[in-house]
Amino acid sequence: MVKFLFWTLIVFLILRWLLKPFLKVMVIRSAQKMAENMYQQYNQQQRPRYPEGSIHVDHIPAPKTSKKGNNGPSDEYIDFEEVK
């Protein structure tokens, strides 16, 4: 049993010693790729989509239609005093 624990510990230490540099390289590469992607997204957002001086309308609101006799909420505020 002691022999098994000894060899397991030795194998664990050797694997840790061999994998540590490999994992560091992988983490650094993934961090660099992530930073490059974020930089590209930032540049795409900062670039104007339309030439300078041009006018572009993204949304045109629908015209309001008014109907007489509409019992819905009104845009007017009526100030009143209670009479006793």
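**Aromatic contact and surface**

The rings of Phe-6 and Trp-7 have centres 5.5 Å apart and planes at 75°, so the pair is edge-to-face (ring centres, with the six-membered ring for Trp, lie within 6.5 Å; planes under 30 degrees apart count as stacked, over 60 as edge-to-face and the rest as tilted). Phe-6 is partly exposed, at 46% relative accessible area (buried is under 20%, exposed over 50%, partly exposed in between, with a 1.4 Å probe and protein chains only).

The model is predicted: local features require pLDDT of at least 70 and side-chain atom pairs 80 or more, whereas totals for chains, interfaces and linings use all residues. Residues are numbered from 1 along each chain as its sequence is written, and side-chain values use heavy atoms, without hydrogens and water.

The protein contains 1 helix and 0 strands (DSSP runs of H or I with at least four residues, and of E with at least two, numbered from the N terminus). Helix α1, residues 2-46, includes Leu-19, which is partly exposed at 44% relative accessibility.

Of the 84 residues, 0% count as buried.
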